[in-house]
Amino acid sequence: MSYRLGVDVGGTFTDFLLLNEESGETFTAKVPSTPEDSSIGVLNGVERICEESGVSPQDIKLVMHGTTVATNAVLTGKGARVGLVTTAGYEDTLQVARSFCPGGLGGWVYFVKSPLLAPLELTIGAHERIGADGEVVRDLDEDALRRDLETLKATGEVEALTICFINAYINTDHERRAAAIAAEIFGDTPISVSSDVVPEMQEYERTETTVVNSYVRPEVSRYVSNLQAALEERLGEDAQLSILRSDGGLASARASGASPVNMLMSGPAGGVAGAVYFCEQAGFRDILTCDMGGTSTDVALIQDARPRVRRETIVGDVRVRAPSVDVRTVGAGGGSIAFVPELTKALRVGPESAGAVPGPACYMKGGEEPTVCDANVVLGYLPSDVQLGGAMEINREASEKAVQKVADAMGIELMEAAEGIIKIVNESMFGALRLVSVEQGYDPRDFALVGFGGAGPLHANALGILTQAWPVIVPPGPGVLCAYGDATTQVQDEAARTYLTMAENLSDEKLLADLRELRIRAGESLVADGIPADTHEITYQADLRYVGQAFQITVDFSEEELVEQGLALLTGQFDAEHEQLFTFKLGDGHEILMIRAVAKAESREIKMRMVGEESATLDDCLLHDSRFYFDGQWHDAPIYRREKLHSGLEVPGPSIVLEMDSTTVVLPGHVAQVDSVGNLLINPRT
């Protein structure tokens, strides 16, 4: 038997999903995250899931992993010391940036610029110049460059080196030669070259992206290589580790170490991939996703089973030119702390989180502050006799004691305070959902809402009421859905080139020929990882704008579509998207800025598991009777075992559906149905 393992590291828990590729049988596990070294939690979870499933570690051949190592390096400022080699006269590119101060009109008054990731004292200018047309204006002065690099090396501070020359995206010769000289002097120090990392115009974005790649590269490379070695020791030498990219595809361990800038949003992309996987099989292609974990909530919009991908990734105040799933994050999680400021006496929730340690009060791990999780326990949504992850007990008295702090500070009753906490966190998530739907021209009522993550199903029904997005879908194993997404996605890479061509001056044949060249480049990384070229699935993208605009929109298409419809396919898609976002379109003056090819490994068929026990009645699925507090009163709420529910059964609200990794609340006036895939579909009762 061959198994694949999906691993997702979150702020509070690390989730695991073990998948039998032949039968579709799955096993899940959750272990506390280990923020000091997330690989410890990964290895602890591998040991637990193998022990609980009875599967031999040697039977696991593929490990797909969503990681926050690169993200945390940027957020905490603990990346490498980066040296920068740029064209002489452009040493201040990062300092000048876009001359933008965030905030209102007076933002410049209080804005404090973060330290440069490549400090000026470690920046040198190479005497060279390539024109905007790609012609060499001034040859590279190799002798001067060698002297400057030796001086830079002598400082002993450079842990990673970046090379980024002006207009190198169109002619790479000088960067290649500079990289070769630098390799002679710096030896094993990792070197990132802009024409490899992001061969696109706009020197600030290209420089910043390549510097960030260098900044996180030593940390990511060390983490990936150490984890690969540890997995090979436990699972066998043929175990393959892949890391989830920000755009929802997978990259091999080798590619991840070389281009870690593509991993900055690795974690949230896994949940989106898992949601698309289950919902598409159930016939839902337009969905809003809400991934609520212990620390934060990630939301995204998926149209026609394709996540919206933006061509930039934002982490803190760092903005890089790397593709990522368009996920918006708010500091609203199960561990978000509720508090009442002394000045306003107005209840606030988050963004500060209790995290994995000390955690919510109900976990009895030292936490004493009231959290969203504690409010759910007080209200009865999270029954106090449930065990999270199969091994964690819930202490209701500790939750009541914590939430009472909020009640006392506001002069209200305990239950009113707990319900207030839940309403505020729901509104916070609703605001994030509006960002990806209403504010981009989409009506949430035209979408289904998917709630997952450890805490998502607790709040999904309430969010359905706020958004009016029905049905509310809770996939199987919602608490480990990110790990499911990691386990079911494909290895991919891409190649791009700056185009800067008016559509009206371009022929279909010329565009197709240029795309086919990119197709070969995009597949080189996959071939290097042992994936034959004849198994690659190829799609294409183009970035368009109306001439004179300062921004662009990306359109996706296949070779077959281009052959059939020609350039009208690109301009038509762009016009439709522009009208969707900005309510108007021009119909002409289309400029193609970038073209790219995306190569994916051939998808492997995974057999779906059987859902529930076909002979079971709803009464057979009953665990025990309980109650919860909603809308100012108590309601009797039976608790059902999800693993026994099967297609055709209806679970009327008020009720609770319990499983190992999450708990689903069905509110009064609603009903949950089980579909053939195993999703819970919650709708208002008619």
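Me: Where is the place of Pro654?
Reply: This is a predicted model: local features need pLDDT of at least 70, side-chain atom pairs count only at pLDDT 80 or more, and totals for chains, interfaces and linings use all residues. Numbering starts from 1 along each chain as its sequence is written, and side-chain values use heavy atoms, leaving out hydrogens and water. Helices (H or I, at least four residues) and strands (E, at least two) are DSSP runs numbered from the N terminus. Pro654 has its place in the loop between β35 (650–652) and β36 (655–658).

Me: What is omega for the peptide bond that joins Gly653 and Pro654?
Reply: Gly653 and Pro654 are joined by a cis peptide bond. Omega for that bond is about 5°.

Me: In which loop is Pro471?
Reply: Pro471 is joined to Trp470 by a cis peptide bond, with omega about -5°. Look for Pro471 in the loop between α14 (456–467) and β26 (472–474).

Me: What does Asp304 count as, by relative accessibility?
Reply: Asp304 is found in the loop between β14 (297–303) and β15 (306–307). It is not a glycine, yet its phi is positive, about 55°. Relative accessible area sets the class: buried is under 20%, exposed over 50%, partly exposed in between (1.4 Å probe, protein chains only). Asp304 reaches 42%, so it counts as partly exposed.

Me: And Met364: buried or exposed?
Reply: Met364 lies in the loop between β22 (348–353) and α11. Its phi is positive too, about 60°, although Met364 is not a glycine. Its relative accessibility is 54%, so Met364 counts as exposed.

Me: How many of the 8 residues of helix α11 are buried?
Reply: Helix α11 covers residues 372–379 and is largely enclosed by the rest of the structure. Its buried residues include Val372, Cys373, Asp374 and Leu379. The reason for calling α11 largely enclosed is its buried count, which is 8 of 8.

Me: What is the phi of the residue that follows α11?
Reply: Gly380 follows α11. The phi of Gly380 is positive, near 90°.

Me: How far apart in space are Asn461 and His670, C-alpha to C-alpha?
Reply: Asn461 is found in helix α14 and counts as buried, because its relative accessibility is 1%. Setting aside residues up to four places away in sequence, it touches Trp470, Val472, Val665, Val666, Leu667, His670 and Ile682 (contact means heavy atoms within 4.5 Å). Asn461 and His670 are 209 residues apart in sequence, but their C-alpha atoms are separated by 8.4 Å.

Me: What distance separates the C-alpha atoms of Ser437 and Glu369?
Reply: Ser437 is found in the loop between α13 and β25 (448–452). It is buried, because its relative accessible area is 1%. Among the residues it touches are Leu288, Leu301, Tyr442 and Pro444. Glu369 is 68 residues from Ser437 along the chain, and the C-alpha separation is 34 Å.

Me: Which residues of α13 make the contact with α12?
Reply: The axes of α12 (residues 396–410) and α13 (residues 414–436) come within 8 Å and cross at roughly 90° (axes are lines fitted to C-alpha atoms, for helices over the stretch in contact, with angles from 0 to 180 degrees between N-to-C directions). So α12 is roughly perpendicular to α13 (65 to 115 degrees; under 35 is roughly parallel, over 145 roughly antiparallel, the rest oblique). From α12 come Glu400, Val403, Gln404, Val406 and Ala407; from α13 come Leu414, Ala417, Ala418 and Ile421.

Me: What is the angle between the planes of Tyr442 and Phe447?
Reply: The whole structure has 7 aromatic pairs. Rings of Phe, Tyr and Trp (its six-membered ring) pair if their centres lie within 6.5 Å; planes under 30 degrees apart are stacked, over 60 edge-to-face, the rest tilted. Tyr442 and Phe447 form an edge-to-face pair, 5.9 Å centre to centre, with a plane angle of 85°.

Me: How many residues apart are Phe551 and Phe582?
Reply: Phe551 and Phe582 form a tilted pair, 5.4 Å centre to centre, with 55° between the planes. Phe551 is in the loop between β28 (537–546) and β29 (553–557), while Phe582 is in helix α18 (residues 568–582). The pair links distant parts of the chain, and the separation in residues is 31.
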